[in-house]
Amino acid sequence: MKYDVVIIGCGPAGTSCAKRLAENGFTVKIYDRREELGVPVRCGEGLGERTQELIGKIPDNCISQKIKGARIYAPNGKYLEAILEYGGLILNRRVFDKWLAEQAVKAGTEIQKNTLITNFIKENGYFKGVKGEFLGKEFEEKAKMIVCATGAESALRKTLNIFSKLNLIDSCLQYKMSGIDIDSDFIQVYLGNEIAPRGYVWVFPKGKDKANVGVGIIPGKQNAKYYLDKFINEHQELKKGKIDLVEGGCVPVGDLLKDIVTNGLLICGEAAHHVNPIHGGGMKEAIISGQLAADVISECLKNNDVSKKALSKFNDLWWKKRGNRLAKVEKLREVVEKLSDKDFNDLADALKPEDVIEFSRGSKLSVLTKALMRKPGLISLAKHLL
Amino acid sequence: MAWSIDSKKCITCGGCVSVCPSAALELKENILFDEKLCTLCGICEKACPVSAIKVEK
């Protein structure tokens, strides 16, 4: 057996997991089906500066724009302006993902692109390897441990039978636009049932006159394109610009899974629904998820025990470090999707901008509960947050 | 009963693949469809950000 661990998927989760495993002295191979890592981009590309505490300083060439804060718009057009204490980054995922991969390779990981993993090798109730196609040839690779970090759109992931259905997704569309008028120091987020039911419209600056302009919505009568085109048409500063690229996808916004391990295999990152349920941001969650997975796998390999029971420490650790917090954020999302546009407008008057940012991280929710309690019609929603 | 995709509208984002509960869809250069696995549940039609998919029951 050539490798201790085989990882499927070379995104933020797979590379973070691989890097840490390799640093711990294990032999690691990542397979990715893409020809070029980081492409196609299915992401708003926003990341908090503090994530660098987890992965080290991100080189300048990975960063399209540094952000001071966020403007959150209520349906009536009033906005809350929050300065982000540690700042934010709008990345260039085309470059960033390659840098992440390079970090894993420097630590000793092998990466093989252009490779489609089609099936798993199972023996005696354990996952023991993968089957795939590379350069038109079928191959098999055995390993002590398999990590599924494929993202949500993998068909392979569904053959694992670990999953309940992915019921909670937001349908997303994003335009890379140029020639627009924006304040490049701030990301802009627009809320409202007419603007984006359950979700929001985002404008993430990528330079002086460029931005990722996107929308995420609950799937319904109208598609994401309808809402995004409508929004751009109603905003002159965007309407005057040009659409350079169309990107899209579906993002898990909940369905946090209790159990993501089995004998010889675990799932991490977006494949395991490790995404922030209110804003759909997945990079930071993927990095944390991949690193925690590596910690647990390292211990299990040292003890020569990759049974479901031994690996279930990953379930416990992830829920302790992230899950409980994200479950609170999911409750917040459930409350937010029931708010009327008038409620949004009223809350924008009642809340402090910095607190709203904290809500999206699952903190300070008692402040929101109190604000909801003051409105007789919203008391039941307030109780949902308790 | 039929599943169809309008390749002129499709942006191959893979959103439909993410939501398909029966692994009937796969993302390669285009969206690949496996009739044998499809249950015509219609989730992909709803989730598609550009309404490229039609499911007729």
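At what angle do the axes of helix α7 (residues 283-302) of chain A and helix α8 (residues 308-336) of chain A cross? In this predicted model, local features require pLDDT of at least 70 and side-chain atom pairs count only at pLDDT 80 or more, while totals for chains, interfaces and linings use all residues. Residues are numbered from 1 along each chain as its sequence is written, and chains are lettered from A and ligands numbered from 1 in the order in which they are written.

The two axes cross at roughly 145 degrees and come within 9 Å; axes are lines fitted to C-alpha atoms, for helices over the stretch in contact, with angles from 0 to 180 degrees between N-to-C directions. Helices (H or I, at least four residues) and strands (E, at least two) are DSSP runs, numbered from the N terminus. The crossing of α7(A) and α8(A) is right-handed, that is, the near helix is turned clockwise from the far one by less than a right angle. On α7(A) the contact (C-beta atoms, placed from the backbone, within 7 Å) involves A:E285, A:I288, A:S289, A:L292, A:A293, A:V296 and A:C300. The α8(A) side includes A:F314, A:L317, A:W318 and A:R322. Ten residues of this contact are nonpolar, one is polar and four are charged; Ala, Val, Leu, Ile, Met, Phe, Trp, Tyr, Cys and Pro count as nonpolar, Asp, Glu, Lys and Arg as charged, and the others, Gly among them, as polar.

Helix α7(A) is largely enclosed by the rest of the structure, because 14 of its 20 residues are buried (20 or more other C-beta atoms, placed from the backbone, within 10 Å of the residue's own). Its end C-alpha atoms are 29 Å apart, in agreement with the 28 Å that 20 residues should span at 1.5 Å a residue; the expected span is 1.5 Å times one less than the number of residues. A:N304, which follows α7(A), has a positive phi near 55 degrees.

Helix α3 (residues 93-106) of chain A, with 14 residues, reaches 19 Å from first to last C-alpha, close to the expected 20 Å. Its buried residues are A:R93, A:F96, A:D97, A:L100, A:A101 and A:A104. These cover an arc of only 135 degrees around the axis and therefore lie on the same side of α3(A); the arc is that of the directions from the helix axis to the C-beta atoms. They pack against α1 (12-23), β2 (28-31), β5 (79-91) and β6 (110-112) of chain A. Just after α3(A), A:G108 has a positive phi of about 120 degrees.

Between chains, 21 residues of chain A are in contact with 18 residues of chain B. On the chain A side, β14(A) gives the largest share, five residues.

Methods: Contact = placed C-beta atoms within 7 Å. Buried ≥ 20, exposed ≤ 12 C-beta atoms within 10 Å, placed from the backbone.
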